[in-house]
Amino acid sequence: MTAEPILSVEGFSKHFELHEQAKTIPSSSNVNFDVYAGKLTALIGPTGAGKSSVLKGIYRTYLPSSGRITYHAANGTSLNLALADEHQILELRSREIGFVTQFLHALPRQSTEDVVAQPLYQRGVSREQGRQKAREVLANLNIPERLWGVPPATFSGGEKQRVNLARGLIAKPRLLLLDEPTASLDPTTTDRVVEMIQAMKAEGTAMLAIFHHPDLVERLADNVVTLTPPVALNNKEVTS
Amino acid sequence: MEKILEVRNLSKVFGKGCPNCFEKTGPELNTNICPDCKSVVAAHDLSLDLYKGEILGIMGESGSGKSTVVKNLFFDQDPTSGHAIFYDDDKQYDLFSLNAAQKRHLRNHHFGMVYQNPHLGLNFGISSGGNIAERLLMNDLRNYKEIRERARELLERTEVLTERMDELPKNFSGGMQQRVQIAKALAINPPMLYLDEVTTGLDLSVQAKILDLILEIQQEMNTAMIVVTHDLGVVRLLAGRTIVMKYGRIIESGLTDQILEDPQHAYTQRLVASAL
């Protein structure tokens, strides 16, 4: 590939220091890959290989233990997400980097439209415009109209997941991190999601994804990175 | 992004204090009471930055010193040492060296505070509409009709029945008093709002409504907020960044999701692990 990557991960490692149990739990070790505009990089590997840890490390929900995560921002600057200032991370999260996880976290009692439009509100879009856009995305994802004004708390697993996806897609991030976005969806809805991801790729969004099904990797991935579970750090266990 | 508040090395000691106070207290020593002079170290060496429109959470157990921070910044208490600068466009205020009139000016025109106890934020001797009017008057709004209109607007915004705006706050439920308090704090559109345990002790449904309201206000008016709470759920829903305090010290700070999912300090790990 000749294009410059939007995201380069070099030597990424993550381990957890559990003080109470005096243990170090390794999660990912020495992970390297690039992500390009308009392309999807898929992370594959068995459970416990640290796939989610890589995504969370990039989004800084986890503090990376070592390695470099170079992000080339829209304004032409590049920064190391592993060490970037918290305000820079928050700014990127609200403008450029989106994350769709397996679980939906939303304010209780908020209508589905508002949950989905949150990323737009954060950018200063008016309630009216935000809701309008949210309805379009919800319709695209086959969420019945009667549910739009209701909080998603009582939705089925698949519906919640689609709401979560809608929220991740609505703001059209430059870099989208996807953690099993289709895990509990039926085949028809999965096809819809695949179409939407393809459309976003075509618009230039760079994506880094974990998929449950090899079939989806085949359909969507441009690059595949295989992770292996890290070796236990026996010698490094803290003794207190 | 623009900075609105900068706090450096803020300390607050209750009691006469001695040279050993800071050395002999803190999370490592498991106390905030100085063994030599029995003074209470409520806060020591706290530094933080806040940007326009940002919500910062301060989390900790009772007695960790989290409320002390906002009480000092809102001039309810005077710090023992430290600096704080409030930025208002091109003006700067060195908060801890202002005189009483300047402090009053900031409270009347730039700061809002919502206390856990509505009795601290509201004047219970006058109606809820009157409470808001009082704040508008201090902010130099003088026309009766305009004041009345604005009070009605604010109470509507915070979902307090406007038919009851002439009633005394004591007739209201706790959740409603809290909403009147928020309306009063917001009356002047302050760029900086302090919230001290505002949902503690309220019904869950009322809590959710108030949190929702706070978030909406922050998005609509780009208000910067410091939210003091012992409730992990509140910081999760409101704050982009969170500070964890214990025995008057900051023991950890970071992005809220990182504090909750990948806490670094033993105390935070225990705190997060014990959440329901």
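This briefing walks through the sheets, helix packing and chain contacts of the structure above. The model is a predicted one. Chain A holds an open sheet of five strands with parallel pairing, and an open sheet of four strands whose pairing is antiparallel. Chain A also meets chain B, with 18 residues of chain A in contact with 21 residues of chain B.

**The parallel sheet of chain A**

- Reading across this open sheet of chain A, the strand order is E6-E7-E8-E3-E9.
- Its edges are strand E6 (97–100) and strand E9 (223–226) of chain A, each of which pairs on one side only.
- From one strand to the next, the twist averages 15 degrees.
- Strand E3 (residues 40–44) of chain A runs parallel to E9(A), and four bridges join the two. A:Ala42 has A:Val224 in E9(A) as its bridge partner.
- Helix H1 (residues 51–59) of chain A lies across E3, E6, strand E7 (175–179) and strand E8 (206–210) of chain A. Relative to E7(A), this helix runs at about 150 degrees.

**The antiparallel sheet of chain A**

- Here the four strands follow the order E2-E1-E4-E5 in chain A.
- Strand E2 (23–35) and strand E5 (78–80) of chain A are the edge strands, and each pairs on one side only.
- Ignoring direction, neighbouring strands of this sheet are turned by 25 degrees against each other on average.
- Nine bridges connect strand E1 (residues 7–18) of chain A with E2(A), in the antiparallel sense. A:His15 finds its bridge partner in E2(A) at A:Pro26.

**A closer look at A:Thr228**

- A:Thr228 sits in the segment after E9 of chain A.
- This threonine, A:Thr228, counts as partly exposed because it has 14 C-beta neighbours inside 10 Å, a count between the limits of 12 or fewer for exposed and 20 or more for buried.
- Leaving aside residues up to four places away in sequence, A:Thr228 touches A:Gly45 and A:Ala49.
- Between A:Thr228 and A:Thr70 there are 22 Å in space, C-alpha to C-alpha, and the two are 158 residues apart in sequence.

**Helix packing in chain A**

- Helix H3 (residues 112–122) of chain A packs with H4(A) at an angle of about 115 degrees, and their axes are 8 Å apart. The crossing of H3(A) past H4(A) is right-handed.
- On the H3(A) side, this contact is made by A:Thr112, A:Glu113, A:Val116, A:Ala117, A:Leu120 and A:Tyr121. H4(A) contributes residues including A:Gly130, A:Arg131 and A:Arg135.
- The contact of H3(A) with H4(A) has seven nonpolar, two polar and four charged residues.
- The axes of helix H4 (residues 127–140) and helix H5 (residues 157–170) of chain A come within 10 Å and cross at roughly 125 degrees. H4(A) and H5(A) are therefore oblique to each other, and H4(A) passes H5(A) in a right-handed crossing.
- A:Lys133, A:Ala134, A:Val137 and A:Leu138 of H4(A) meet A:Ala166, A:Leu169 and A:Ile170 of H5(A). By class, these residues divide into six nonpolar, no polar and one charged.

**Where chain B meets chain A**

- On the side of chain B that touches chain A, helix H7 (204–221), strand E10 (249–255), helix H9 (256–261) and helix H10 (266–273) of chain B each supply at least two residues.
- H7(B) gives the largest share of that side, six residues.
- The side of chain B that touches chain A has eight nonpolar, six polar and seven charged residues.
- B:Arg241 is buried because 24 other C-beta atoms lie within 10 Å. Its C-alpha atom is separated by 7.0 Å from that of B:Ile55, 186 residues apart along the chain.

**Helix H4 of chain B**

- The buried residues of helix H4 (residues 128–138) of chain B are B:Ser128, B:Gly129, B:Asn131, B:Ile132, B:Ala133, B:Arg135 and B:Leu136.
- Helix H5 (144–157) and helix H6 (174–186) of chain B are among the elements that cover these buried residues.
- After H4(B) comes B:Asp140, with a positive phi near 75 degrees.

How values were computed: Residues numbered from 1 in each chain as written. Chains lettered and ligands numbered in written order. Predicted model: local features only at pLDDT ≥ 70, side-chain atom pairs only at ≥ 80, totals over all residues. Pairing = 2+ DSSP bridges. Axes fitted to C-alpha atoms, helices over the stretch in contact; angles between N-to-C directions. Contact = placed C-beta atoms within 7 Å. Parallel < 35°, antiparallel > 145°, perpendicular 65-115°, else oblique. Left-handed = near helix turned anticlockwise from the far one by under 90°. Nonpolar A, V, L, I, M, F, W, Y, C, P; charged D, E, K, R; others polar.
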